[in-house]
Amino acid sequence: MSVIDAINLTKRYGDIEVLHGLTFSIEDRSITLVMGPNGAGKSTLLKIIGGLINRTSGYISVLGEDPWNSNKIPRKVGIILDKPFLPPYLTVIDIVKEVSSEFNYPLSDAKRLLEDFNLLHFLKNKVRELSAGTKQKLQIVFSLIKNPEIIIADEPTANLDITSRYEVYNTFAVLREKMGLTVLISSHIPAEILAFSTHVLAINNGIMKFFGKVDKLLRNNFLEEFYIVVDNIGKALEALKDRKIEVIGNQIRISGNLAEISKILSNAGVRIFYVRNSIIDKSIKGETGWE
Ligand SMILES: Nc1ncnc2c1ncn2[C@@H]1O[C@H](COP(=O)(O)OP(=O)(O)OP(=O)(O)O)[C@@H](O)[C@H]1O
């Protein structure tokens, strides 16, 4: 079932058309990586989906409604930006209370969300005392306080170090798996997020270059060697014991079909934090025109 449908969607700023006739459907409970170089049109597309700006022509439906003319979309779509706008001198609990009361959300449920994302111990901290990664995770949790069905994240990891970036990607994977949310994330660092995504929508100069499942993007490149980092190396080694693998530091070197290996690990309850392989970068470039 699709939750977002776009047909021939265009956007012009003044005389300049920056989105040229995009057509796609986003499936319920998917994580779509929206990728493309600077100025490609990623933010513009996400803002249209979130109802922050209107399209120029074409059709867009989000949860069955036109996002620009909808009371439902501001409540059902959570928007996450690259830099969280959290008041630096307020404590986390102050903000939680404010956001909960704004959306009529029980405070006890909000605290449970913080607990789910391992943030409960920051309740009494002021925002300025928190790391960039923690602030971003908080922004994500705050966006959940209204019970959204879709989360749109525009470059959510742009200002984060690698550890925090993976924490944030992981948070999105949890949102999808445990809370059944549909997630759209834009990024400049596509290879990192690919392991957490189900679909890819690639734009370049406002033209959609690729839309489809991650497997399709990587389809020709499976019998290659790559490196993965997982959350539980012991469980991963057990799950992959019939395969030729080598452990190098915290990475597992393995050859084979990436989709198949991810499935084995996922069935064993192991989460992949990181996949690296020059082929992934090459297939992103080959299929999408990404430089
Ligand atoms: N409010 C605006 N008025 C005029 N032009 C705009 C406006 N916002 C964006 N643009 C232009 O539209 C094009 C697409 O911009 P957009 O921000 O959507 O791209 P992006 O892919 O998100 O880029 P980045 O990765 O740099 O954020 C760019 O050429 C940009 O200069």
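Visitor: Into which domains is the protein divided?
Guide: This is a predicted model, in which local features need pLDDT of at least 70 and side-chain atom pairs count only at pLDDT 80 or more, while totals for chains, interfaces and linings use all residues. Residues are numbered from 1 along each chain as its sequence is written. Domain bounds come from an automatic or database domain assignment. The protein is divided into domain 1 (2–216) and domain 2 (220–288).

Visitor: How far apart do the C-alpha centres of domain 1 and domain 2 lie?
Guide: The separation is taken between the C-alpha centres of domain 1 and domain 2. Its value is 26 Å.

Visitor: Which are the edge strands of the open sheet of three strands with antiparallel pairing?
Guide: Helices (H or I, at least four residues) and strands (E, at least two) are DSSP runs, numbered from the N terminus, and two strands pair if DSSP finds at least two bridges between them. The order in this sheet is S2-S1-S4. Pairing on one side only marks the edge strands, S2 (16–27) and S4 (57–62).

Visitor: Over how many bridges do strand S1 and S2 pair?
Guide: S1 comprises residues 2–13, and its pairing with S2 is antiparallel. Ala6 stands opposite Phe24 in S2. The S1 and S2 pairing extends over eight bridges.

Visitor: Why do the buried residues of H1 line one face of the helix?
Guide: A residue is buried if 20 or more other C-beta atoms lie within 10 Å of its own, exposed if 12 or fewer, and partly exposed in between, with C-beta atoms placed from the backbone. In H1, Lys42, Leu45, Leu46, Ile48 and Ile49 are buried. The arc is that of the directions from the helix axis to the C-beta atoms. Seen down the axis of H1, the buried residues line one face because they fall within an arc of 160 degrees.

Visitor: At about what angle does H1 run to S7?
Guide: Axes are lines fitted to C-alpha atoms, for helices over the stretch in contact (C-beta atoms, placed from the backbone, within 7 Å), and angles run from 0 to 180 degrees between N-to-C directions. H1 lies across S3, S6 (150–154), S7 (182–187) and S8. Its angle to S7 is about 155 degrees.

Visitor: Which residue in S8 stands opposite Met35?
Guide: Strand S3 (residues 31–35) and strand S8 (residues 199–204) pair in the parallel sense over four bridges. The residue opposite Met35 is Ala202.

Note on methods
Two residues are in contact if their C-beta atoms, placed from the backbone, lie within 7 Å.
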